[in-house]
Amino acid sequence: RLGFAAFCGRVAETLIRLRAPGGYVVGLNGKWGRGKSTALNFIKSYIAKHNVETVNNIDKIIVVDFRPWMISGHQDVIATFFKVLAES
């Protein structure tokens, strides 16, 4: 309905094909209420589908969903990031 499927599918496919052994960071910018969270959920869904269909663990993608705006304080952000990363 929102026209996100095609866009999110292309983003997910790009991330799936991207070969970055050290990982990569993706950000999505937009105004409040424009569907950023919805788009991210679509992208994560496409990646999850890829992971289910992939038999080779090397080709699976680990998504680390870190939302720093929910944390106050510089040290808290760093500590929370590494906690989320370790849990992923």
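Figure 1. L15 is buried, with a relative accessible area of 12%. Buried means under 20% relative accessible area, exposed over 50%, and partly exposed in between (1.4 Å probe, protein chains only). The model is predicted: local features need pLDDT of at least 70, side-chain atom pairs count only at pLDDT 80 or more, and totals for chains, interfaces and linings use all residues. Residues are numbered from 1 along each chain as its sequence is written, and side-chain values use heavy atoms, with hydrogens and water left out. L15 sits in helix α1. Helices (H or I, at least four residues) and strands (E, at least two) are DSSP runs, numbered from the N terminus. Which residues does L15 touch, not counting those up to four places away in sequence? They are Y24, V26, I43, I47 and I61. Contact means heavy atoms within 4.5 Å. L28 is 13 residues from L15 along the chain, and their C-alpha atoms are separated by 13 Å.

**Figure 2. Confidence along the protein chain.** The predictor's confidence in each residue, pLDDT, runs from 0 to 100. The protein chain averages 86. A score of at least 70 is reached by 99% of the residues. Among the elements, helix α2 (residues 36-53) has the highest mean pLDDT, 93. Helix α3 (residues 74-87) has the lowest, 82. Where pLDDT is low, the predicted coordinates should not be read in detail.

Figure 3. The buried residues of α1 are F4, C8, V11, A12, L15 and I16. They cover an arc of only 135 degrees around the axis, which puts them on the same side of α1. The arc is that of the directions from the helix axis to the C-beta atoms. On the other side of α1, R10, T14 and R17 are exposed. What covers the buried residues of α1 includes α2. How far apart are the end C-alpha atoms of α1? They are 20 Å apart, which agrees with the 20 Å that its 14 residues should span at 1.5 Å a residue. The expected span is 1.5 Å times one less than the number of residues.

**Figure 4. E13 in helix α1.** E13 is found in α1, which covers residues 4-17. Is E13 buried or partly exposed? E13 counts as partly exposed because its relative accessibility is 33%. W69 lies 56 residues from E13 in sequence. From C-alpha to C-alpha, E13 and W69 are 27 Å apart in space.

**Figure 5. The buried face of helix α2.** In α2, A39, I43, I47, H50 and N51 are buried. Seen down the axis of α2, these residues fall within an arc of 120 degrees, so they line one face of the helix. An α-helix has 3.6 residues a turn, so residues three or four places apart point the same way. The buried residues of α2 pack against α1. V52 and E53 are exposed, on the face of α2 turned away from its buried side. The helix has 18 residues and reaches 26 Å from its first C-alpha to its last, close to the 26 Å expected at 1.5 Å a residue.

Figure 6. H50 has its place in α2. At 16% relative accessibility, H50 counts as buried. Leaving out residues up to four places away in sequence, H50 touches I16, D59, K60 and I61. N51 is also in α2. N51 is buried, with a relative accessible area of 17%. Beyond its neighbours within four places in sequence, N51 is in contact with K60 and I61.

**Figure 7. G27 in the loop between α1 and α2.** G27 lies in the loop that joins these helices. G27 counts as exposed because its relative accessibility is 64%. F42 is 15 residues from G27 in sequence and 14 Å away in space, C-alpha to C-alpha.

**Figure 8. The largest pocket.** Its volume is about 1,300 Å³. Of the 37 residues that line the largest pocket, the closest to its centre are Y24, V25, V26, V63 and V64. A pocket is an open set of points on a 1 Å grid over the protein atoms alone, where a 1.4 Å probe fits, with protein on both sides within 12 Å along at least five of seven lines; lining residues have an atom within 4 Å of a point. Grid points are joined across faces, edges and corners, and the volume is the space filled by probe spheres set on the points. α1, α2 and α3 each supply at least two residues of the lining. Which helix gives the most to the lining? α2 does, with six residues.
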